Amino acid sequence: LALKLGRQSFDDEREWLYDEELDAVRLFYGLGRWGLEASVSREELFDKDLLNDQDEDRINNYFLLGRYMPDDDIIFEGYAFLRDDVNRDGGQPIFLGLRSFGEALSDVHHWVELAVVTGKAERNDDLGRHPDLLGYGFDVGATYVLDAPLEPSFTLGFAYGSGDSDLDDGTDHNFRQTGLQDNSDAFNGIASFNYYGEVFDPELSNLSILTAGLGIRPTQRSSIDVVFHHYWQNKAVDEIRDSNLEEDPTGDSRDLGGAIDLVVGYEPLNNLAFDAIVGYFRPGDAFEEEADGAYFVGFETIFRF
């Protein structure tokens, strides 16, 4: 049994739910291979910058998670997560989910995310109220690692978040993530990266994403991954809920386009790592014909102490 009070880091296996520092009261309980976690939190309940006032979203988070580990290689979890906007503009989404991670088969690392979001959506000014919320999403995939020189790996994944082309019928069927997510992980390499694409980096909402990856480990302290993505809207609409792209689709096609990322990681010491990422996004028929491709180049040095 453990209790943690104060500002603390919340992150999960793939940062699909959250990767954030929150002011929280957090309770942990473990019994054998079973575990329970409960928390009440808010982002920046106390200002980080004492010299400058900043208006932060006043959202209270209520989180309950149960965990079971049948062995040391696999984890099963179920959770309920309520985000209560104190100002009421952002609604009261409730996330209910089941998930699994680990090595279910020899040399095969899997992930399964299944979630339903219900409650109340953001305020719809046309309706003059908060629509009911009912959407669903999932993200499933696996990485197969060969027992061979360079440790080659192959990853295949598919993610889906429901959509809605009519927001004025009183029910919003768009799936959305918590707003605290980072969608970052490593397949079999050293470097973590945005697994929905470095350039696009979307929230999983009204989207289908097919991902395929190839990776090698030149040494035990280095890795090279090439990751491919293709994106579709589930309902053709003229907006994307949240992404790094500056352009909106036209709403005439579901094909958003494709992307490729090159991710290189090197960890010469246990407390020192270097990451380099190059990404390219090719727009599909959902964008204007003259829409240009988009690029991303990033380099990161991490020193832990």
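## Charges over rings

Arg14 lies over the face of Tyr195, 4.1 Å from the ring centre; a charge sits over a ring if NZ of Lys or CZ of Arg is within 6 Å of the ring centre and within 35 degrees of the ring normal. In Arg26, the charged end sits over the ring of Phe10, at 3.8 Å from its centre.

This is a predicted model, in which local features need pLDDT of at least 70 and side-chain atom pairs count only at pLDDT 80 or more, while totals for chains, interfaces and linings use all residues. Residues are numbered from 1 along each chain as its sequence is written, and side-chain values use heavy atoms, with hydrogens and water left out.

## The chain as a whole

The chain has 18 strands and 0 helices; both are DSSP runs numbered from the N terminus, with helices (H or I) of at least four residues and strands (E) of at least two. The radius of gyration of the chain is 20 Å, close to the 19 Å that the globule rule gives for 305 residues, so the chain is as compact as a globular protein of that length. The radius is taken over C-alpha atoms, and the globule rule is 2.2 Å times the number of residues to the power 0.38. Along its principal axes, the C-alpha trace spans about 60 × 60 × 45 Å.

Of the 305 residues, 43% count as buried (buried is under 20% relative accessible area, exposed over 50%, partly exposed in between, with a 1.4 Å probe and protein chains only). Among contacts in the chain with a separation of 6 or more, 55% come from residues 24 or more positions apart; contact means heavy atoms within 4.5 Å.

## Aromatic pairs

Rings of Phe, Tyr and Trp (its six-membered ring) pair if their centres lie within 6.5 Å; planes under 30 degrees apart count as stacked, over 60 as edge-to-face and the rest as tilted. By this rule there are 21 aromatic pairs. The ring centres of Tyr18 and Phe63 are 5.4 Å apart and their planes are at 75°, so this pair is edge-to-face. Tyr18 is in the loop between β1 (2–11) and β2 (19–31) and Phe63 in strand β4 (residues 59–71), so that the pair links distant parts of the chain, 45 residues apart. Tyr18 and Phe63 are both buried.

Phe81 and Phe95 form a tilted pair, with 6.2 Å from centre to centre and 45° between the planes. This pair also links distant parts of the chain: Phe81 belongs to strand β5 (residues 74–85) and Phe95 to strand β6 (residues 92–105), 14 residues apart. Phe81 and Phe95 are buried. Ring pairs join Phe10, Tyr18, Phe63, Tyr79, Phe81 and Phe95 into a cluster.

## Salt bridges

The whole structure holds 14 salt bridges, each a side-chain nitrogen of Lys or Arg within 4 Å of a carboxyl oxygen of Asp or Glu. One of them joins the side chains of Arg99 and Asp12 (2.5 Å, N to O). Arg99 is in strand β6 and Asp12 in the loop between β1 and β2, 87 residues apart. Arg99 is buried, with a relative accessible area of 4%, and Asp12 is buried at 11%. Asp12, Arg67, Glu77, Arg99 and Glu113 are linked in a network of salt bridges.

Arg14, the residue over Tyr195, also meets Asp139 in a salt bridge (3.4 Å, N to O). Arg14 lies in the loop between β1 and β2 and Asp139 in strand β9 (residues 135–145), 125 residues apart. Arg14 is buried, with a relative accessible area of 2%, and Asp139 is buried at 3%. A further salt bridge joins the side chains of Lys120 and Asp132 (2.6 Å, N to O). Lys120 is in strand β7 (residues 108–120) and Asp132 in strand β8 (residues 132–133), so the pair ties together parts 12 residues apart in sequence. Lys120 counts as partly exposed at 33% relative accessibility, as does Asp132 at 35%.

## Nonpolar core

A nonpolar core is a set of buried Ala, Val, Leu, Ile, Met, Phe, Trp, Tyr and Cys residues joined through side-chain atoms within 4.5 Å. The largest has 41 residues, of which Trp16, Tyr79, Leu204, Leu256 and Phe281 touch the most other members. Not counting residues up to four places away in sequence, Leu204 touches residues including Trp16, Phe138, Tyr160, Phe175 and Ile209.
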